[in-house]
Each structure stands twice: as C-alpha cells, then as structure tokens.
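Subject: Structure for your review

Dear colleague,

Please find below the structure that I am handing over to you, together with its sequence. A written account of the findings follows it.

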Amino acid sequence: MKKIRVFAPATVANMGCGFDTMGFAFEGAGDQISMRFIEKNEIRYVNDSGITIPLNPEENLMTPALHAIMDATGGRRGVEIVQERKIIPGSGIGSSAAAAASAVYAYNLLAECGYSSEELIDFALCGEMMASGARHADNVAPALLGGVVLIREHTPLDVFSIRPPERLYCAIVHPHIEVKTKDSRAVLPQELPLKTAIRQWANVGALVAALISADYPLIGRALKDGVAEPNRKRFIPGYDELKEAIAAAGALGSNISGSGPSVFALCDSREKANAVKAIMETHFQKRAIACNAYSSPVSMQGCRAV
C-alpha cells in the first residue's frame, strides 16, 4: 500500500455524569487525512483543510502518537500527512483525539503493523498527552472504537465498548468562544461531598444500564452531572436558558461536551435532534455568537479507511 486515507469521527467526552470515564462518537464532524511514505526520514505535514494546524512536527500532536507506534514497530520512517478535513481546535468535540487517532490508525494500515483499534489507543494517548497534559481516553477511545466507551482504568488501559440504541441521536453546538482547558480544569472541585459522589456514580451505572437496555427515559435521567457542569456552565453564555429550551423541545437530556464550550443533547429521534440543533443555533445567534451545529446519530463507527 502506497497511500491511505482515513476518517476519524468527532467525539463527546464525559456524557454528563461520566467525567473523564465516558465518551461517544458521532458522525456530524471529524478529521480526514491521507498518509504516504516518503524517502526522507521525517514527518511532513500539508494542510488542505482550511483550518490552521501546526506544520512544524515538534508542535503537531500527531507527531508523538506516530513516534510511539513507529518505535514499537521497528523504527521511525518518513511519512507525509495531508490534512484534508479538520475539527476546529478547542471546540470541545475531540479535535486532538481525532488527530492522534487518525494518525496512528493510518500508519497502522500503511505499515501493516497489525494492531487492533483497542491496541492503538495507547499510541494515540501520546498525542492527547501533548494536547492536554494528561492521558485521558474519553475522546481517543470512542474516536478509534466508535459507539459509547467506558474507561474503567487508564493504567493499564481497560475500556468497555457499548453499542448505542438504534434511535439514539445527538445534537451538538460549538459556539465560537474560547474556553481554555486549564481554565475549565481550574474551576473543578478537588474534593466532593459524599452525597454528590454517590449520586454521580449512581448516574454512571444507570447510564450504562440504560444504553444497554435501550431505556431512553433512563438515559435522560442519568445524564445529570454534579461535578463539572455546575462549575463550567459559567463559561457558556445563557447556559441554563439553553438547557431549558432543549428540554422543552423533547431532548432526553443535555450537558457540556468535554471541557466545553460545546453543548450536546441526546434525543430519541432524528426529528427531535434536528429541532434541538435549530434551537441551539438560534440561542447563540441571538447573542451575536457565531457557532457550528450538528445533528447526527450516535455512531458505532470509529476510525476507518475511506
């Protein structure tokens, strides 16, 4: 194989109650790259996406992910990567995860390494480490595996993939405001009251059970978050008002995607997801804030050759 083209889906991390432990893939956005071997022993980046990315290998988070898989398979080789589509960085829908995942997935196919998608997670986490300073797999794992993923443990990595119910759709809005990860982390409590912790892990258990049993009302009841949402919603203009409007439109539930500023809602039909998407767009348009909005099924497809 001389060239490979790969698509990595956007992802939503946390899913409300599952802070740093749950995430899902959706089809509305993603990264697409093509990769080929070159004679010079270097990683060369070409950007055709229209979104700014670092072209210096030392600044691009694909580089540590690629070095990790190359070092594990007999040495570094020269590759050229063309960025054809790109999630807007800092959007809260897994931009860094899609980049790292697409890079290792493409190299695995191009070099015929033979790793499974589960095994590629560890390599992709090297890129996520560069982006966020931590090896959090709640975006990387669903980007590679698709569906909903529960991360039980990071060291050693132990992930559990859940097939979403057939009628589970999501609407997501990315308002064009900057929320720095360090700021969104800084507002989180370092300790929790026991009652809050009990409620949180009860919701995680309920959400997993609801997804497996396709209990849509329980999915909505379990999306509650007492850790991140109460502290991070301050970064999103009119968040409580938006949440009320989403609920009135029939969404199962809603919450902040990752560290924000994106907001997601889960719905039990395409029609409701489309209606919620329109509400999300209108909410930020009224506040003179540009945004991108998506409506999509929760997808069982992770990274794949296209």
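Which residues of the largest nonpolar core touch the most other members? They are Phe24, Met35, Leu66 and Leu266, in a core of 72 residues. A nonpolar core is here a set of buried Ala, Val, Leu, Ile, Met, Phe, Trp, Tyr and Cys residues joined through side-chain atoms within 4.5 Å. Buried means under 20% relative accessible area, exposed over 50%, and partly exposed in between, with a 1.4 Å probe and protein chains only.

Two remarks on conventions are needed. The model is predicted, so that local features need pLDDT of at least 70 and side-chain atom pairs count only at pLDDT 80 or more, while totals for chains, interfaces and linings use all residues. Residues are numbered from 1 along each chain as its sequence is written, and side-chain values use heavy atoms, with hydrogens and water left out.

Helices (H or I, at least four residues) and strands (E, at least two) are DSSP runs, numbered from the N terminus. A second, separate core has 19 residues, among them Ala171, Val173, Leu242 and Met280. In soluble globular proteins, nonpolar side chains tend to be buried together.

Neighbours within four places in sequence being left aside, Met35 is in contact (heavy atoms within 4.5 Å) with residues including Lys2, Leu66, Val79, Ile81, Ala103 and Leu110.

Strand 4 and its surroundings

Strand 4 (residues 79-85) has 5 buried residues out of 7, so the rest of the structure largely encloses it. Two strands are taken to pair if DSSP finds at least two bridges between them. Strand 2 (residues 22-37) runs antiparallel to strand 4 and is joined to it by 6 bridges; Phe37 has Val79 of strand 4 as its bridge partner. Strand 3 (residues 43-47), by contrast, runs parallel to strand 4, with 5 bridges, and Val46 stands opposite Val82 there.

Together with helix 1 (residues 62-72), strand 3 and strand 4 make a left-handed β-α-β unit. The hand is assigned with the strands pointing away from the viewer: a crossover is right-handed if the path from the first strand over the helix to the second runs clockwise. The buried residues of helix 1 are Met62, Thr63, Ala65, Leu66, Ala68, Ile69 and Met70. They pack against strand 2, strand 3, strand 4, helix 2 and helix 3 (117-132). Gly74, with a positive phi near 105°, follows helix 1.

From first C-alpha to last, helix 2 reaches 22 Å, close to the 22 Å expected at 1.5 Å a residue (1.5 Å times one less than the number of residues). Just after helix 2, Glu112 has a positive phi of about 55°.

An open sheet is formed by 4 strands in the order 8-9-7-10, with antiparallel pairing. Strand 8 (253-256) and strand 10 (291-297) are at the edges with a single partner strand each, so one side of each has no neighbour in the sheet. Strand 7 (residues 169-175) pairs with strand 10 over 7 bridges, and Val173 has Ala293 of strand 10 as its bridge partner.

Two helices pack on this sheet. Helix 9 (residues 239-248) touches strand 8 and strand 9 (263-267), and its direction makes about 155° with that of strand 8. Helix 10 (residues 270-285) touches strand 7, strand 9 and strand 10, its direction making about 10° with that of strand 7. Axes are lines fitted to C-alpha atoms, for helices over the stretch in contact, and angles run from 0 to 180 degrees between N-to-C directions.

Backbone details

Thr155 and Pro156 are joined by a cis peptide bond with omega about -5°; Pro156 lies in the loop between strand 5 (148-154) and strand 6 (157-162). The bond from Gly260 to Pro261 is also cis, with omega near 5°, and Pro261 is in the loop between strand 8 and strand 9.

Met15, in the loop between strand 1 (3-13) and strand 2, has a positive phi near 55°. At 1% relative accessibility, Met15 counts as buried.

With kind regards
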